[in-house]
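User: I have a structure to go through with you. Can we take it piece by piece, starting wherever you like?

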Amino acid sequence: MSRTALRVCPLCEATCGLTLTIEGTRVTGARGDAEDVFSKGFICPKGAALGALDADPDRLRTPLLRENGRLREASWEEAFDAIAAGLRPVVERYGPDAVGVVLGNPNAHTMAGALYPPLLLGALRTRSLFTASTVDQMPKHVASGLLYGDAHAIAVPDLDRTDHLLLIGANPLESNGSLCTAPDFPGRLKALRARGGRLTVVDPRRTRTARLADRHVAIRPGADALLLAAMARTLFAEDLVDLGALAPHVEGVAELRVALADFTPESVAPACDVEADVIRALARELAAAPTAAVYARIGSCTVPHGTLASWLVDVLNILTGNLDRPGGALFPLAATARAPRPAGPGHGFQLGRWHSRVRRLPEAKGELPLAALAEEIDTATEEGEPIRALIVVAANPVLSAPDGDRLDKALGSLDFMVSVDPYLNETSRHARVVLPPPPPSQSPHHDFVFNAFAVRNQVRYNRPALPLEPGRMAESEILARLTLAATGGHGADPGAVDALAVEQTLAKAVRDPDSAVHGRDPGELAARLTGESGPERRLDLMLRLGPYGDGFGARPDGLTLAALLAHPHGIDLGPLRPRLPGPLKTRSGKVELLPAPLAADLPRLRAARDERPAGLVLVGRRHLRSNNSWMHNVPALTGGSNRCTLHLHPEDADRLGVLDGAEVRVKGAGGEVVAPAEVTDAVRPGVVSLPHGWGHGRPGTRLGHAATTPGVNVNQLLDGSLLDPLSGNAVLNGIPVELTAVLPGESS
């Protein structure tokens, strides 16, 4: 007999509500939840395939432990004993920085992945932290930190009310949105146009999103910051700057005018390959719209000037008065965020508080560049110890970081490695211990991360749709036990990790004069928390102390876990609202429009006006049915258009003698790959494109379906030397490559 259960989809940032069909102990179907307060029934192919991913036969079900060079199934007790025995000696002999931690993108998609890694890092006290952010979004965090004093203060476009949307390096019809949580992004863009609004897309590829646009500007890859700087300069030159209500909260406008004075449209046009008149038109259209928002994503982050581009996106929103106003770009307020405090100066944001050993690369937001991980393991210097042990949580850097072959070898040289992963993939195959979390159906879900980027304030929570299978361990318990084993508490009650988190949070809250619980007894407050588990109690705590919470009785109608459980389709908290100066944590208490690190990087951008690659350049691309490397083992999500092919323009194909479907050799600074050509005018001449996340089939992996169509690892074309200097983000787009046809009979 079948039943249904509700679940927010954890497979991309759109966070769509699903209705699961369950027969016995299996998810047999998934459809959109028409009553979901946020997604209102929208679903994409990934959500529809949740049951297939959930039941993937290659998912690990028990821990794996390496003995005599081979991985065998082990008990949970054996696994954590081995972790304690492997990690603690490294810490005690070489110090905590000799233990690296790598956090992958899927951490943001699970409740436990958001709650426990900060506790692990706090207890371990290592500075050797690497995450997927530095191959993705770190420039946006750094730009926000410098502008607003808070690296997490990211304004998102008010999609449902804007009159004009300018997208740069973003393809939300394929990605479903990123750093902008918006179920049914395609429908929202169509609604924008239906109400008379205008959509402009700047992208070197004619993507599905670009085909929907009123205007598509096929920019030269990597020139985003130049285009944006010239647009801002046009606003100044034509007296189109109008901060409106923002004016009292912004400093540095006059200084910015001077700093951008020489970025004329004519001076940047050749490097952008965009006519000066088009650049001026983009600026004028933005200024003339009743409301407007500029939104940029990975295409503008993974380039040499990613932080400058991310900063200039906000600069344009500010100069046109569109930051922090309905229809523009606003700061979301998640239900578990810290409750708003009185506005005033903060501590600001710092870069480079420490550096990597080998290249002396500065940290950003507490992280070192993922592109430096291999060298931090395999290179000895006089500057401290190399990384000798690694904790990898839901990450596959062999495919996601530059020069995966080098990292692959480096991982094999570690003294110890533990991986928390449901699969034996290209990275976890090196681990001494593999800890598999349960599938989504057996896990609770709340979006701590993505609600902070949502285009509408709302809150949803799902308990597990199915109980844990015998022998499984909840992801929260896995990460709590891992924290204890890594930090000298092996064998202690894992519930103590949650209890300590609650105790520390309440102790801080009762000391805060602006808190709703100031002066109260933390023990009495802890006793009032509800929930069936440590994570639920912590969620209840965050909701109660949050901006919509009951303040432990101070606001009787406020939000609690019990109230959320009573609304299984979620609670709508309303449209985004202006919040300035509340989010500002700069030392001045204002938006600092021209921070010194950004001003110091402008000469490098000026020099880029004369830099134009003579040959082909490569950009990545995203498929609707993929999310990085984690879904290629699901047959329903591969095949068709979701293939690892090299896109190239017909003119380039004719010039190089490449036929559609023929194999081509692509060579970059880090190596070469061979992939089938797909000749298409969806890319502009001079540009080729490979999707990321492929390159499966290495020995020792257990990804049966992915191995049948492995594709190639586009990041192997990189050697890791190209980084955005302010954020440490890897340069993945606009990189020079050489292309040759593979001749018949030639080895590929």
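Analyst: Start with A401, which lies in the loop between α17 (397-400) and α18 (404-412). Helices (H or I, at least four residues) and strands (E, at least two) are DSSP runs, numbered from the N terminus. This is a predicted model, in which local features need pLDDT of at least 70 and side-chain atom pairs count only at pLDDT 80 or more, while totals for chains, interfaces and linings use all residues. Residues are numbered from 1 along each chain as its sequence is written, and side-chain values use heavy atoms, with hydrogens and water left out.

User: Is A401 buried or exposed?

Analyst: A401 is buried, at 1% relative accessibility. Buried means under 20% relative accessible area, exposed over 50%, and partly exposed in between (1.4 Å probe, protein chains only).

User: What does A401 touch, leaving out residues up to four places away in sequence?

Analyst: L370, L407 and N715. Contact means heavy atoms within 4.5 Å.

User: Switching to helix packing. How do α10 and α12 cross?

Analyst: The axes of α10 and α12 come within 9 Å and cross at roughly 160 degrees. Axes are lines fitted to C-alpha atoms, for helices over the stretch in contact, and angles run from 0 to 180 degrees between N-to-C directions. The two helices are therefore roughly antiparallel. Angles under 35 degrees count as roughly parallel, over 145 as roughly antiparallel, 65 to 115 as roughly perpendicular and the rest as oblique.

User: Which hand is the crossing of α10 and α12?

Analyst: Left-handed. A crossing is left-handed if the near helix is turned anticlockwise from the far one by less than a right angle, and right-handed if clockwise.

User: Which residues make that contact?

Analyst: L226, L227, A230 and T234 come from α10, and P265, V268, A271 and C272 from α12. By class, the contact of α10 with α12 has 7 nonpolar residues, 1 polar and no charged. Ala, Val, Leu, Ile, Met, Phe, Trp, Tyr, Cys and Pro count as nonpolar, Asp, Glu, Lys and Arg as charged, and the others, Gly among them, as polar.

User: What about α10 against α13?

Analyst: Helix α10 (residues 224-237) and α13 have axes that come within 9 Å and cross at roughly 60 degrees. That angle makes α10 oblique to α13. The crossing is right-handed. On the α10 side the contact uses L227, A230, M231, T234 and L235, and on the α13 side I279, R280, L282, A283, L286 and A287. These divide into 9 nonpolar, 1 polar and 1 charged.

User: And α12 with α13, what is the angle there?

Analyst: Roughly 110 degrees, with the axes of α12 (residues 265-272) and α13 (residues 276-288) coming within 8 Å. α12 and α13 are therefore roughly perpendicular to each other. Their crossing is right-handed. P265, E266, V268 and A269 of α12 meet A276, I279 and R280 of α13. The contact of α12 with α13 has 5 nonpolar, no polar and 2 charged residues.

User: Next, α15. How many of its residues are buried?

Analyst: 14 of the 14, so α15 is largely enclosed by the rest of the structure. α15 (residues 306-319) reaches 20 Å from its first C-alpha to its last, close to the 20 Å expected at 1.5 Å a residue. The expected span is 1.5 Å times one less than the number of residues. G321, with a positive phi near 70 degrees, follows α15.

User: Where is the cis peptide bond with omega near 10 degrees?

Analyst: From L580 to P581. P581 is in the loop between β19 (571-575) and β20 (591-592).
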